Amino acid sequence: LGLERVYVQAKRWQGSVGAAVVRDFAGSMDAEAATKGVILTTSTFTKDARSYVEKSPKAIRLVDGDELAGLLLEFEVGVLRAATLVVPRLDEGFFEDV
């Protein structure tokens, strides 16, 4: 059926998530027989953590705080709509017929 096991880990950290955390996560994927993994953080990932993922044969996706916030807004998860802003624009075709 094309079903896969995806292993997910979320980190609510103040500092950057380092390569050691990503290596531990990759090892945990093996223990859980996961074929893909996602690490989400409210902060950032170190250069070494990103480098580890690029070189790793495992399918691991890193989602930092900025990207996570964008996804939450895009899919309206945990978001309240305060107001809708309408930005008018000039209809240039309207003036061509005058």
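Which residues does Val 22 touch, not counting residues up to four places away in sequence? I began my entries on this predicted model with that point.

**Entry 1: Val 22.** I looked up the contacts of Val 22 and, leaving out residues up to four places away in sequence, found Ile 39, Ala 49, Tyr 52, Val 53 and Leu 62.

**Entry 2: the core.** I then turned to the largest nonpolar core, which has 13 residues. Val 22 is among the members that touch the most others, together with Ile 39, Phe 45, Ile 60 and Leu 62. I noted that α1 (19-31), α2 (47-55) and β3 (59-63) each supply at least two residues of this core. The largest share, five residues, comes from α1.

**Entry 3: the strands.** I next examined how β2 and β3 are arranged. They pair in the parallel sense, over five bridges. Ile 39 has Leu 62 in β3 as its bridge partner. With α2, the two strands make a right-handed β-α-β unit.

**Entry 4: Thr 41.** I located Thr 41 in strand β2, which covers residues 36-41. Is Thr 41 buried or exposed? I recorded it as buried, because its relative accessibility is 1%, and the cut-off for buried is under 20%. I also checked its side chain: a polar atom there lies 3.1 Å from the backbone oxygen of Lys 11.

Terms used
Residues numbered from 1 in each chain as written. Predicted model: local features only at pLDDT ≥ 70, side-chain atom pairs only at ≥ 80, totals over all residues. Heavy atoms only, no water. Helix = DSSP H or I, 4+ residues; strand = E, 2+ residues; numbered from the N terminus. Buried < 20%, exposed > 50% of the residue type's maximum accessible area, 1.4 Å probe, protein only. Polar contact = N/O pair within 3.5 Å; in protein donor to acceptor, adjacent residues only side chain to side chain. Core = buried A, V, L, I, M, F, W, Y, C linked by side-chain atoms within 4.5 Å. Contact = heavy atoms within 4.5 Å. Pairing = 2+ DSSP bridges. Right-handed = clockwise from strand over helix to strand, strands pointing away.
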